[in-house]
Every structure is written in C-alpha cells, then in structure tokens.
Amino acid sequence: MTQILIIGASRGIGLELVRQYRADGAQVVATARSDEGLAALRELGATALKLDVADTASASGLAWQIDGRQFDTVFIVAGVYGPRHTGLQSPTASEFDDVMHTNVLGPMRVLPQLPDYLAPGAKLAIISSRMGSIGERTSAAGWLYRASKAAANSVLKDASLLLAGKATCLSFHPGWVRTDMGGSGADIDVADSVSGMRRALAAAEPEDNGSFRNYDGQPISW
Ligand code: NDP
C-alpha cells in the first residue's frame with residue numbers, strides 16, 4: 001500500500017493532502033503540533049505524530065516516530081507568513097526567528113532524518129512559494145517571508161542533489177490558496193491546489209529532480 005508522510009498537516013494545504021491521499025486509500029502518517037491538529041488527522045484515519053518543526057527536540061524526534069516505514073511520497077508543508085510588511089521595515093529578532101525557524105530550519109531538521117525511510121523512487125516535495133522566486137520578482141511585499149521561501153528553495157535544491165538517485169525532489173508554489181494564510185480572497189480552492197500538486201508530483205520523472213513548479217506542474221524560475 002502506498003505510504004505518505006506529510007509534515008505540518010493540522011489545517012489548510014497539509015490537511016487537504018491528508019484528506020485526498022486517504023480518500024485514495026493510501027496509508028498516511030501526518031504531523032501536527034497541537035492536540036486539535038492531531039485529532040483532525042486521526043479523524044481522517046491518518047497516523048498522527050506530534051511535531052513542531054520550530055522546536056529542536058520535537059523536530060529531531062521524527063526519525064524514531066517513523067522507524068520501520070518506507071514512504072513513497074513526502075510533503076513538507078509547515079509554514080508561517082510572519083509580518084505583513086509592505087516597505088523597508090525591519091522585522092524584530094523574534095519575528096525573524098519565527099519565520100526562518102519554521103520555513104527554513106524546519107525543512108533542514110526534517111530532511112536529514114528521511115533518507116533511511118524513503119522507498120525506492122520516492123517523491124519528495126517542499127511547499128515553497130512563488131514569492132520566494134528572485135527571477136520572477138516584481139513586488140517586495142512580505143520581504144521576510146520572501147527571503148524565507150528563497151532560502152527554502154535553496155534547501156530543496158541541495159536536498160535534490162544529496163538525494164539524487166534515491167528520490168525526486170520538487171519545490172512547489174501551491175497557488176494563491178484560500179486557507180487561513182491565503183485568506184478568503186485568494187485565487188483557488190485548497191482542493192484544486194492539492195490535487196494539482198499531487199498530479200504534478202506523481203508525473204515527475206527523475207530528470208525533474210530539483211525543479212521549482214507551480215501547482216499545475218508548470219516550471220517557475222528560481
Ligand atoms: P495555514 O496557515 O492554513 O497552515 C499552516 C500550517 O503550518 C498549519 O498546519 C500549521 O500548524 C503549520 N505550522 C506552522 N508552524 C509550524 C510549526 N512550527 N511546526 C509544525 N507545523 C507548523 O497555511 P497554508 O495551508 O496556506 O500553507 C501551507 C504552506 O503553503 C506554507 O508553507 C505556506 O507558506 C505555503 N503557501 C501558501 C500559500 C497560500 O496562498 N495559502 C501560497 C504560497 C505558499 P498549526 O495549526 O499548529 O499552526
């Protein structure tokens with residue numbers, strides 16, 4: 001049976017990934033940092049693990065919690081937006097730490113624990129954002145979030161080199177999605193974003209390893 005791991009799945013895009021993979025009959029292991037999040041995962045029939053990617057002890061305990069499993073697909077989803085700056089405004093040290101620890105250090109804590117738990121030919125995705133693209137940038141709003149997602153893209157690229165031959169790794173822009181983060185005025189429904197990314201990841205070939213994609217599979221410039 002197909003085995004899926006989703007990191008950061010209490011709500012929004014992560015929870016919808018769990019819902020869709022469970023509806024397909026896959027075995028899903030998913031993480032949340034709150035009791036409410038864990039309950040939501042169990043309700044969907046997932047194996048729910050407690051994990052806060054911004055907490056050293058919690059995040060480094062993933063490997064022993066997944067010991068013995070072989071995942072066909074992994075999504076690293078957990079993320080925060082942070083301050084909604086529109087100009088040259090300095091983040092506070094704690095705002096910087098919160099965003100960078102979650103969006104950058106989080107994947108850097110999770111990824112090193114995964115190699116022994118990837119099935120042959122596994123697919124691995126980080127949910128980044130088009131806002132992290134430097135090549136496509138025409139707005140500077142949310143510069144801390146943008147910097148964190150540009151760094152997350154760098155992390156994914158390095159993971160793709162280090163895991164080449166073992167996993168196909170993609171960085172995804174999920175679209176502007178109607179979730180708590182995206183808001184009700186966003187472009188697309190979470191179900192469409194998630195079904196698009198699942199399709200694009202399933203269709204990815206080893207030669208696509210280390211690429212940055214829109215949720216519909218179209219390439220995005222770094
Ligand atoms: P939500 O705000 O709805 O959900 C964020 C998720 O991340 C929640 O499950 C939250 O858990 C989890 N999370 C945050 N911090 C941590 C942490 N320290 N440890 C573990 N989990 C954590 O956002 P979305 O679902 O919209 O976003 C998911 C991803 O997609 C993010 O990485 C985001 O940057 C990215 N993205 C979203 C876009 C959009 O338009 N929505 C656009 C581009 C990218 P909890 O419930 O405990 O807070």
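Let's start inside the sheet: Val 74 has Leu 124 in β5 as its bridge partner. This is a predicted model, in which local features need pLDDT of at least 70 and side-chain atom pairs count only at pLDDT 80 or more, while totals for chains, interfaces and linings use all residues. Residues are numbered from 1 along each chain as its sequence is written. Helices (H or I, at least four residues) and strands (E, at least two) are DSSP runs, numbered from the N terminus.

**The sheet**

- Seven strands make up an open sheet with parallel pairing, in the order β3-β2-β1-β4-β5-β6-β7; two strands pair if DSSP finds at least two bridges between them.
- The edges belong to β3 (47–50) and β7 (211–214), and each has a single partner strand, so one side of each is left without a neighbour in the sheet.
- On average, neighbouring strands of this sheet are turned by 20° against each other, direction ignored. Axes are lines fitted to C-alpha atoms, for helices over the stretch in contact, and angles run from 0 to 180 degrees between N-to-C directions.

**Strand pairs and burial**

- Five bridges pair β4 (residues 71–76) with β5 (residues 118–127) in the parallel sense, and Ile 76 has Ile 126 in β5 as its bridge partner.
- β5 and β6 run parallel and are joined by six bridges; Ala 125 has Leu 170 in β6 as its bridge partner.
- β1 and β2 (residues 27–32) also run parallel, joined by four bridges, with Ile 4 standing opposite Val 28 in β2.
- How many residues of β5 are buried? Seven of the 10 are, so β5 is largely enclosed by the rest of the structure. Buried means that 20 or more other C-beta atoms lie within 10 Å of a residue's own, exposed means 12 or fewer, and partly exposed is in between, with C-beta atoms placed from the backbone.
- In β6, seven of the seven residues are buried, so this strand is largely enclosed by the rest of the structure. Ala 167, Cys 169, Ser 171 and His 173 point one way, and Thr 168, Leu 170 and Phe 172 the other way.
- Five of the five residues of β1 (residues 3–7) are buried, so β1 too is largely enclosed by the rest of the structure. Gln 3, Leu 5 and Ile 7 point one way from β1, while Ile 4 and Ile 6 point the other way.

**Core and packing**

- The largest nonpolar core holds 60 residues, and Ile 6, Ile 7, Val 18 and Val 77 have the most contacts inside it. Such a core is a set of buried Ala, Val, Leu, Ile, Met, Phe, Trp, Tyr and Cys residues joined through C-beta atoms within 7 Å.
- Leaving aside neighbours within four places in sequence, Val 77 is in contact with residues including Ile 6, Ile 7, Leu 17 and Ile 127; contact means that the C-beta atoms, placed from the backbone, lie within 7 Å.
- Helix α7 (residues 190–203) lies across β4, β5, β6 (167–173) and β7, and runs at about 140° to β5.

**Around Gly 132**

- Gly 132 sits in the loop between β5 and α6 (143–162) and counts as buried, with 24 C-beta neighbours inside 10 Å.
- Gly 132 and Ala 152 are 20 residues apart in sequence and 8.2 Å apart in space, C-alpha to C-alpha.

**The ligand shell**

- The ligand is surrounded by 29 residues, of which Gly 12, Ala 78, Gly 79, Thr 179 and Gly 182 are the closest; a residue is near a molecule if its C-beta atom, placed from the backbone, lies within 6 Å of it.
- Helix α1 (residues 12–23) gives the most to this shell, with three residues.

Methods. Contact = placed C-beta atoms within 7 Å.
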